[in-house]
Amino acid sequence: MNTLERQGLLLRQIAALRRQGMAHHQALALAADGLPVGELRALAQRAGRNLTKGGEGTASTPLEALLGRSDASVEELVHGAAALEARLWAQCSLRTARLYYGVALAGPPLLACLLAWVTAPLLAGEGVDGGMVAAMGAVLRWSGVPLAVAALFLVRSLHHSVAPGYRQAVQAAALLELASRGGDLPVGLLDPNAGAFFAARRASAGSETAARELAAELCAESQRVQAIFGQLAPVLGAIALVPIVVVGLGAVAYPVWAITQSLGRY
Amino acid sequence: MTARRMAELLLSHAMADGVPAGPLLRRLPSHSALQAAQLAEAGQLEEALTMVGFAADQAWIAKRWPAAARPVLARLSQLPDGLVFEAPVLQTLGYFALVSTLQLAAAAALHRLVVPSLVAMSPAVGATGGHTLLLVVVLDLLLMGAALGIGVWVVAGRHLGFSPHGWRGPLGLAREAALAEALRDAGAPEELFGAYVRGCSRLQGRGVSPLELELIRTHALADAVFSLQRFLGGLRLAGYGALTMLALLALSTIMVQLAQLGGRF
């Protein structure tokens, strides 16, 4: 399980225990005991110790600060979990986009390289006119892997905004985090409609409510965009492989054409 | 976020908080919003909401019990979006279009390059091969047309509101149940709840207790998924089967022609 998933689950567990009437420090201790040994368990236990000391000690992360506050409301815990889950969606969208872009960009040179190695003995055979075809084959044999590696580096370094659904998820997480801290919200970074919605709701319901309503919508939009991208991206990836498939078909069709041509000479 | 979705969200939240819709509609940037504001201020709230993008059932509820507008949003967000739900069909059709285009190009290339040589050597053998390859080209074109037609049928069905697909009925029932649950969540009076249920074509005549509504919704969603999977299974079997048969036909034609010619020299 991903670290963000564990953190979100911890917050949701504490919120659920609090809803059943348990005190914050008890809920935190119980949830921390259920965690596997590791960084998160240590963090939860440290927050618990700070809590029993009456808030002494400094929190190293916002999560530790939230866990270590005895006055944290159940809603704050739930919204903290929602912010972590939004970050998780952002990670997920980035990974999915990298996977499909990677296949679309690195796949063709790799396939071309494989094809060039497989057809090399045929092209070197007796009676085959070398020249340009042989030269192309040699280039593909030796450049395929470096090109694929370069494509993977390019995909790795692509700006995060090219991942469908990433922007919405990050904005949702930022809105939730800033709302819980009471910070000033960057309306200018939102798209015009989202910004207009936020401004109108902030005027009537307050900044925190507006941020939470908009974050819920942005999260849903991010998931929707990711779901559609996940279904349609493989088709786009397949289209990227079309040139190689055409070359492959040509490699099959060429001998047939050559045979019929040579038969026609008799 | 689209302007239509922004209007839907803003009005739903505001109406649930007791804010009147008219002044809000006046502040919306869309062209239809001003006309909608006039309608709302003239007491035709349902028509005004429909004008800015509310679905008819949502507008009906929002007019009669504004407190339910927010629970309606929450309940509807748990239902699958039309495009997301039907994306696997579009994906499959995309593959069909791609593969049949490649196959068409290959068959056309073989017909153009190989058949003339075959005809030159043996007119009878070459003509048979040429006819078969032409048949492959025509059948590939028909397959592409069928894929395009199914794509249009699926997308148009969603936008035009007709229900050609097996999953539309269950999805509609799930929506009706979700909206009824939202009315219950918002504490709507029994008369209003009863009037809503009587107006629902699919929900009418079924049990409407909270537990029954939840069961109807979850079963209807599962039914919609099964229906989509059945459709996809049939589509994939027929499409990939037809494409494989056509590829084998084209390949075997050329091979058989070459074998027949081989014996003549």
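Predicted model: local features only at pLDDT ≥ 70, side-chain atom pairs only at ≥ 80, totals over all residues.

Visitor: What distance separates the end C-alpha atoms of helix 7 (residues 166–181) of chain A?

Guide: Residues are numbered from 1 along each chain as its sequence is written, while chains are lettered from A and ligands numbered from 1 in the order in which they are written. Helices (H or I, at least four residues) and strands (E, at least two) are DSSP runs numbered from the N terminus, and the expected span of a helix is 1.5 Å times one less than its number of residues. The 16 residues of helix 7 of chain A should therefore span 22 Å, and this agrees with the distance between the end C-alpha atoms, 23 Å.

Visitor: How many of the 16 residues of helix 7 of chain A are buried?

Guide: A residue is buried if 20 or more other C-beta atoms lie within 10 Å of its own, exposed if 12 or fewer, and partly exposed in between, with C-beta atoms placed from the backbone. Helix 7 of chain A is largely enclosed by the rest of the structure, because its count of buried residues is 14 of the 16.

Visitor: Across chain A, what percentage of the residues is buried?

Guide: Chain A has ten helices and zero strands. Of its 266 residues, the buried ones make up 35%.

Visitor: Which residues does A:Arg98 contact, leaving aside its neighbours within four places in sequence?

Guide: A:Arg98 lies in helix 5 (residues 74–123) of chain A and counts as partly exposed because it has 16 C-beta neighbours inside 10 Å. Two residues are in contact if their C-beta atoms, placed from the backbone, lie within 7 Å. With the sequence neighbours within four places set aside, the contacts of A:Arg98 are A:Val155 and A:Arg156.

Visitor: How many residues of domain 2 of chain A are in contact with domain 1?

Guide: Domain bounds come from an automatic or database domain assignment, which for chain A gives domain 1 (3–72) and domain 2 (82–266). Domain 1 of chain A brings four residues to this contact, and the number from domain 2 is four.

Visitor: Which helix of chain A gives the largest share of the side that touches chain B?

Guide: The contact takes 34 residues from chain A and 37 residues from chain B. On the side of chain A, the elements giving two or more residues are helix 8 (192–205), helix 9 (207–240) and helix 10 (242–264). The largest share, 13 residues, comes from helix 9 of chain A.

Visitor: And how many nonpolar residues does that side of chain A have?

Guide: Ala, Val, Leu, Ile, Met, Phe, Trp, Tyr, Cys and Pro count as nonpolar, Asp, Glu, Lys and Arg as charged, and the others, Gly among them, as polar. Besides six polar and six charged residues, the side of chain A that touches chain B has a nonpolar count of 22.

Visitor: How are helix 10 and helix 11 of chain B oriented to each other?

Guide: Axes are lines fitted to C-alpha atoms, for helices over the stretch in contact, and angles run from 0 to 180 degrees between N-to-C directions. Helix 10 (residues 168–185) and helix 11 (residues 190–198) of chain B pack at about 175 degrees, with axes 10 Å apart. Angles under 35 degrees count as roughly parallel, over 145 as roughly antiparallel, 65 to 115 as roughly perpendicular and the rest as oblique. Helix 10 and helix 11 of chain B are therefore roughly antiparallel.

Visitor: What about helix 1 and helix 6 of chain B: how are they oriented to each other?

Guide: The axes of helix 1 (residues 3–16) and helix 6 (residues 69–76) of chain B come within 7 Å and cross at roughly 135 degrees. Helix 1 and helix 6 of chain B are therefore oblique.

Visitor: Which helix gives the largest share of the side of domain 1 of chain B that touches domain 2?

Guide: In chain B the assignment gives domain 1 (3–76) and domain 2 (82–262). Ten residues of domain 1 of chain B are in contact with ten residues of domain 2. The largest share of the domain 1 side, four residues, comes from helix 6 of chain B.
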